[in-house]
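Please look at the sequence and the model first.

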Amino acid sequence: MHVHFVDARFPYRSSTLHVLTLGMFDGVHVGHAALLRRAVRAAEERGLEPAVVTFTPHPRAVLGDPAFLRMLTPLRERLALFHSLGLRRAYVLHYTPEFSRISADEFRDVWLPALGAKHVVLGEDFRYGAERQGDVGHLRAATAFTVEVVPSVPEAGIGVRAGEGSASASSAAPLVATEVPKVSSRRVRALLAAGEAAEAARLLGRPYALEGVVVPGDGRGRRLGFPTANLLVVEPYVFPRRGVYAAWAELREVQARAREGAPAGRDAREVRRIPAVVNVGVRPTVDGGRERVEAHLLDFSGELYGARLRLEFVAYLREERRFPNLSALAEQIARDVAFARKHFV
Ligand SMILES: Cc1cc2nc3c(=O)[nH]c(=O)nc-3n(C[C@H](O)[C@H](O)[C@H](O)COP(=O)(O)O)c2cc1C
Ligand SMILES: Nc1ncnc2c1ncn2[C@@H]1O[C@H](COP(=O)(O)OP(=O)(O)O)[C@@H](O)[C@H]1O
């Protein structure tokens, strides 16, 4: 993936022509994915390279809404998803107050041509430029490139096909879109805040996931009988509702081997998927304090400190509670484990 960071103070001039698609794409949900796939296909049709233009940080955060400092898909995650959809080039525009003052005319007539726009693919509700003045009607008046607006359709029904009980990444959206299901990142955020992990997964086309590095905690888990890997989540992910979840844990073996001193070659990218129970919360039973994400991996034993762990939230099981003592907590976790197993059969 070629990633170009572009700052308003340092104009960039692309040497190649692209099919461009633009957006924040937070979540890279099924609507975004349909649009991105359409851009990739449009590029194939024209013999051009597809490229995506996105922003960091979230413009709404820069304009004063702190909720948007956290993302469904922090930049690294977004870029990886773009790559999985066939994009090989991304322009990441550093969004600043200065950038927010660029007019719709300047964005259309100076910025997009400079980024190599030959054909632009976007959804019908796209807005750009200072005060969101630019819309698809404004964009169509461009002289340097053609514009293709992909119509939206209601999202009802996506992700569930006859005979398939669950949302799965590739079945959720048509392979080549001519329409974009109307899904909003805000809706996905609201679902996660409500613990609606399964519905969020349907709209995302995959379970919501976050990643971190396993760090030592208080050493209590092993004594409870449920060792828990504590995640240090460095990137600004949205945390789902506090509580206990069934989750898939993805363990990148590359880390484990690297720590043993073996060279991390291409083949070392293997990923192990292990069922887990996860607690997102403040651990009132032990007066835990700060919000943490911790995972007990089922039927697993091994050292995880320093490993990169990815958690995919499959189902919300219950609220976090204060238990009278640790053995009552341990008994409940045993029930959580039994309940969670039903989600992995
Ligand atoms: C599946 C699961 C459910 C949990 N539920 C609760 C809970 O309801 N209340 C609570 O105070 N702590 C809960 N915890 C957190 C435990 O208090 C924590 O894992 C334990 O204190 C070990 O902490 P340590 O990793 O720092 O050693 C839960 C942990 C797991 C893995
Ligand atoms: N099944 C398992 N799930 C999670 N962690 C495990 C498991 N088996 C071994 N571990 C190891 O145990 C550690 C957690 O042990 P714990 O006693 O909870 O201590 P702490 O939380 O202080 O690190 C993990 O970071 C990992 O290295």
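Predicted model: local features only at pLDDT ≥ 70, side-chain atom pairs only at ≥ 80, totals over all residues.

Q: How many helices and strands does the protein have?
A: There are eleven helices and 14 strands.

Q: Which domains is the protein divided into?
A: Domain bounds come from an automatic or database domain assignment. Here domain 1 covers 2–204 and domain 2 covers 208–344.

Q: How many residues of each domain are in contact?
A: Two residues are in contact if their C-beta atoms, placed from the backbone, lie within 7 Å. By that rule, 16 residues of domain 1 are in contact with 13 residues of domain 2. On the domain 1 side, helix H7 (185–193) and helix H8 (197–204) each supply at least two residues. The largest share, five residues, comes from H8. By class, that side has twelve nonpolar residues, one polar and three charged. Nonpolar means Ala, Val, Leu, Ile, Met, Phe, Trp, Tyr, Cys and Pro; charged means Asp, Glu, Lys and Arg; the others, Gly among them, are polar.

Q: Is H8 mostly covered or mostly uncovered?
A: A residue is buried if 20 or more other C-beta atoms lie within 10 Å of its own, exposed if 12 or fewer, and partly exposed in between, with C-beta atoms placed from the backbone. H8 is mostly covered, with six of its eight residues buried. These are Ala197, Ala200, Ala201, Arg202, Leu203 and Leu204. The elements they pack against include helix H1 (30–46), H7 and strand E9 (208–215).

Q: How do H7 and H8 pack?
A: Two packed helices are described by the angle between their axes and the distance between the axes. Axes are lines fitted to C-alpha atoms, for helices over the stretch in contact, and angles run from 0 to 180 degrees between N-to-C directions. H7 and H8 pack at about 160°, their axes 8 Å apart. That makes H7 roughly antiparallel to H8, a label for angles over 145 degrees.

Technical notes:
Residues numbered from 1 in each chain as written. Chains lettered and ligands numbered in written order. Helix = DSSP H or I, 4+ residues; strand = E, 2+ residues; numbered from the N terminus. Parallel < 35°, antiparallel > 145°, perpendicular 65-115°, else oblique.
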